[in-house]
Amino acid sequence: MKTTEKHIHILGICGTFMGGLAIVARELGYKVTGSDVNVYPPMSVFLEKSGIEIIPNYDVAQLQPAPDLVIIGNAMKRGNPCVEYVLDNNLPYMSGPQWLHDHLLRDRWVLAVSGTHGKTTTTGMLAWILDQAGLEPGFLIGGISGNFGISARLGKSPFFVIEADEYDTAFFDKRSKFIHYNPKTLIINNIGFDHADIFDNLTAIQRQFHHMIRTIPSKGRILSFADETSVKETLAMGCWSEQQFIGKDKEWYAQRLRNDCTEFEVFHNQQKVAEVKWNIVGQHNMFNALMAIAAAYHAGVRIDTACQALATFVNASRRLEVKGEVNGITVYDDFAHHPVEIAATLAALRDKVGGGVRILAVLEPRSNTMKMGVHTKELAPALVRADYVFLLQPDNLPWEVVEIANQCVQPATWAADLDLLVTKIVEEAKPTDHILVMSNGSFGGIHQKLLTKLKEKAGAKN
């Protein structure tokens, strides 16, 4: 399998998946180059450290002389100069997920983490548990791991942990990426409607999950929540593998010992078997951890060993990440960009800070699904645990965020100008407040803008 001869060129190399694939391919011995127009840290730094050349454009000169294989990322579309050159000149090409299957996953025990929410966090937990158990797994995570400091590695054992994304594979393969992974252990955290730019409805997403389920061997294991209706409906479409469930009367369950879930009990087959004490907050993360424990158990890791590993787990960035504190006001960054994630993040922060402390929620509707207005009726209810809501009106948003502000039961305001929004937030913020910023983008550097303005406000008072 290892080669020192073949040259792979990756179009769209700086995405978390494609960048991770590049690192794994380099470890396998391939010469790897790539191109992207979004070349920025941290992925660009990791790739360069791995000896991978990045070309910051799609000029066709990069394909002359022709590489042995062009791997085309799913962000690439017809009309891209390199894509057109590949097709016009009959260069060999393949999708990233297909290459990963053919050159790596086919020979490994794949532990795949799927679901609309919680994939990156749960994948990081599972990889860390296997690592701390001495299994030296390979992994590909959709973010930079807080423990490993990288998003991917080849590993030195049969085990490979992968974040199993339901987004499409490539412009020439509209199946979900995870169709190519053939897991032996599969986590399905949840199935909800998202990615409205490629899926018409929830049924279309469930169909893709069903296709993946059809590839799991009979000796494989599927882990899911007993009360997740959309998952149950999907499993009912056909399942030929062992199933285990999370639920109070099922194979796996967790019970919080502290309100913020920084301590919880683990139950297996209705018997308490261990406790977890860690620095991660939120009920959703407690259940993410339980999924990781159960998946690791299938790979042979003792439950108590898994729980000990979680004590030192560090989440990926942008998961309730503290960006700074000024005058008793804490600013957080979170990747939440879907009503379910927004509600879970707010619930976790509320459990952490208690009921007598204010949370100011700041939201940028930025994902493709949000831009399409699919979730406008769910956003205000998702924000209900915040004491004050601030909304940005992006230029490219075809609907008005004032619709959300008007639905909120708490005070809510909005602005089309980022600096004006920052000013409004800082004017409202008081000592002991927690400012939770939510977006799946950089939000124009709002975190540093807030911290700077808060310092100026505190200095003016002094």
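This is a predicted model: local features need pLDDT of at least 70, side-chain atom pairs count only at pLDDT 80 or more; totals for chains, interfaces and linings use all residues.
1. Let me start with a helix pair: helix H1 passes helix H4 in a left-handed crossing. The axes of H1 (residues 16–27) and H4 (residues 96–103) come within 10 Å and cross at roughly 30°. Since angles under 35 degrees count as roughly parallel, H1 and H4 are therefore roughly parallel to each other. On the H1 side the contact is made by Phe17, Met18, Leu21 and Ala25, and on the H4 side by Gly96, Pro97, Trp99 and Leu100.

2. Is Ser95 buried or exposed? Its relative accessibility is 2%, and because buried means under 20%, Ser95 counts as buried. Leaving aside residues up to four places away in sequence, Ser95 touches Ile71, Ile72, Thr169, Ala170 and Phe172. The side chain of Ser95 also reaches the backbone nitrogen of Gln98, at 3.2 Å. If you like a C-alpha distance for reference, Ser95 and Leu11 are separated by 10.0 Å while being 84 residues apart along the chain.

3. Now for a sheet. Six strands form an open sheet with mixed pairing, in the order S18-S19-S23-S20-S21-S22. Which strands stand at the edges? They are strand S18 (321–326) and strand S22 (412–415); each has a single partner strand, so one side of each is left without a neighbour in the sheet. On average, and with direction ignored, neighbouring strands of this sheet are turned by 20° against each other.

4. Within that sheet, have a look at how strand S19 (residues 329–334) meets strand S23 (residues 434–438): the two run parallel and are joined by five bridges.

5. What does Thr120 touch, not counting residues up to four places away in sequence? The partners are Ile141, Gly142, Gly143, Glu163, Ala316 and Arg319.

6. Some backbone geometry to check on your side, beginning with a proline. The peptide bond from Gln64 to Pro65 is cis, with omega near 0°. Pro65 sits in the loop between strand S3 (53–55) and strand S4 (69–72).

7. Finally, a word on positive phi. Asn90 is not a glycine, although its phi is positive at about 55°. Asn90 is placed in the loop between helix H3 (81–88) and S5, and with 70% relative accessibility Asn90 counts as exposed. Gln270, likewise a residue other than glycine, has a positive phi near 70°. Where is Gln270 placed? Its place is in the loop between strand S16 (263–268) and strand S17 (271–277). At 46% relative accessibility, Gln270 counts as partly exposed.

Definitions and conventions:
Residues are numbered from 1 along each chain as its sequence is written. Side-chain values use heavy atoms; hydrogens and water are left out. Buried means under 20% relative accessible area, exposed over 50%, partly exposed in between (1.4 Å probe, protein chains only). Contact means heavy atoms within 4.5 Å. A polar contact is a pair of N or O atoms within 3.5 Å; within protein, one must be able to donate a hydrogen and the other to accept it, and residues adjacent in sequence count only if both atoms are side-chain atoms. Two strands pair if DSSP finds at least two bridges between them. Helices (H or I, at least four residues) and strands (E, at least two) are DSSP runs, numbered from the N terminus. Axes are lines fitted to C-alpha atoms, for helices over the stretch in contact, and angles run from 0 to 180 degrees between N-to-C directions. Angles under 35 degrees count as roughly parallel, over 145 as roughly antiparallel, 65 to 115 as roughly perpendicular and the rest as oblique. A crossing is left-handed if the near helix is turned anticlockwise from the far one by less than a right angle, and right-handed if clockwise.
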